[in-house]
Amino acid sequence: IKWKIAFPEVKFGISPFLLNEIKYPQFRELVCKMELRDLLLETDAPYLPGADGSTGSPLLVKDLAEKIANLHNVSTEEVARITTDNAKKLYKIKEL
C-alpha cells in the first residue's frame with residue numbers, strides 16, 4: 001500500500017461507526033484490511049453515535065475492541081494491548 005510507505009508511522013482512529021453493520025459496511029471492510037498496529041480506538045465524541053443511536057461514550061471502547069477482534073480473528077485482549085501500545089507511542093506516554 002503506497003500510503004504506508006510514505007507514512008510508515010500513521011495511525012487510524014476507529015470510531016463506533018464500525019459497530020453499525022448495516023449503515024457502514026465499507027468501514028468494516030477497510031478495517032479488515034488494516035493491521036492492528038495501525039489502529040487506535042476512539043469512542044468518546046458525543047457526536048459519533050453508537051450502533052444503537054446512543055450518544056458516544058468511552059463505554060463503547062469495549063464493544064469496538066470486540067468488533068475489531070472478531071474482524072481480525074484475535075482476542076479482545078490482543079486488540080486492547082496493541083491499540084493501547086499504539087496510543088502510548090503516538091502520544092509519547094511512558095509507563096509509570
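**A walk through the predicted fold**

Glu-35 is partly exposed, with a relative accessible area of 42%. On this scale, buried means under 20% relative accessible area, exposed over 50%, and partly exposed in between, computed with a 1.4 Å probe and protein chains only. The model is predicted, so local features need pLDDT of at least 70 and side-chain atom pairs count only at pLDDT 80 or more, while totals for chains, interfaces and linings use all residues. Residues are numbered from 1 along each chain as its sequence is written, and side-chain values use heavy atoms, with hydrogens and water left out.

Glu-35 takes part in a salt bridge with Arg-37, at 2.7 Å from N to O. A salt bridge here is a side-chain nitrogen of Lys or Arg within 4 Å of a carboxyl oxygen of Asp or Glu. Arg-37 is partly exposed, at 43% relative accessible area. Across the whole structure the search finds 3 salt bridges. Another of them joins Lys-33 to Glu-29, with the closest N and O atoms 3.7 Å apart. These two residues are separated by about one helical turn because they are 4 residues apart in helix α2. Helices (H or I, at least four residues) and strands (E, at least two) are DSSP runs, numbered from the N terminus. Lys-33 counts as exposed, at 60% relative accessibility.

The bridge between Glu-66 and Lys-62 has its closest N and O atoms 2.9 Å apart. Both residues lie in helix α3, 4 residues apart, or about one turn of the helix. An α-helix has 3.6 residues a turn, so residues three or four places apart point the same way. Lys-62 is exposed, with a relative accessible area of 53%, whereas Glu-66 is partly exposed at 33%.

Helix α3 also has a buried side. The helix has 12 residues and reaches 16 Å from its first C-alpha to its last, close to the 16 Å expected at 1.5 Å a residue; the expected span is 1.5 Å times one less than the number of residues. Its buried residues are Leu-64, Ala-65, Lys-67, Ile-68, Ala-69 and His-72. Their cover includes strands β1 (12-14) and β2 (39-41) and helices α2 (25-33) and α4.

Which residues have the most contacts inside the largest nonpolar core? That core has 13 residues, and those with the most contacts inside it are Ile-14, Leu-39 and Ile-68. The elements that give two or more residues to this core are α3 and α4, and α3 gives the most, with 4 residues. A nonpolar core is a set of buried Ala, Val, Leu, Ile, Met, Phe, Trp, Tyr and Cys residues joined through side-chain atoms within 4.5 Å. Leaving aside residues up to four places away in sequence, Ile-14 touches Val-31, Met-34, Leu-39, Leu-40, Leu-41, Glu-42, Leu-64 and Ile-68. Contact means heavy atoms within 4.5 Å.

Leu-64 is also among the contacts of Thr-43, which lies in the loop between β2 and α3. With the same exclusion of residues up to four places away in sequence, Thr-43 touches Pro-16, Gly-56, Ser-57, Pro-58, Leu-60, Val-61 and Leu-64. Thr-43 counts as buried, at 6% relative accessibility.

The chain leaves α3 through Asn-73, which takes a positive phi of about 60° just after the helix. Most residues other than glycine have a negative phi. Asn-73 is found in the loop between α3 (61-72) and α4, and counts as exposed at 72% relative accessibility. The C-alpha atoms of Asn-73 and Leu-36 are separated by 11 Å, although the two residues are 37 apart along the chain.

A positive phi is also found in Lys-92, at about 55°, although this residue is not a glycine. Lys-92 lies in the segment after α4 and is exposed, with a relative accessible area of 67%. Tyr-91 lies in the segment after α4 (76-90) and is exposed at 57%. Together with Leu-90 and Ile-93, Tyr-91 forms a nonpolar patch on the surface, with about 320 Å² of accessible area. Patches are made of residues with over 30% relative accessible area and no salt bridge; like charges are joined within 9 Å, and nonpolar side chains (Val, Leu, Ile, Met, Phe, Trp, Tyr) within 5 Å. Accessible areas come from the Shrake-Rupley method with a 1.4 Å probe, and for residues only the protein chains shown count as cover.

Lys-2 is found in helix α1 (residues 2-6) and is exposed, with a relative accessible area of 74%.
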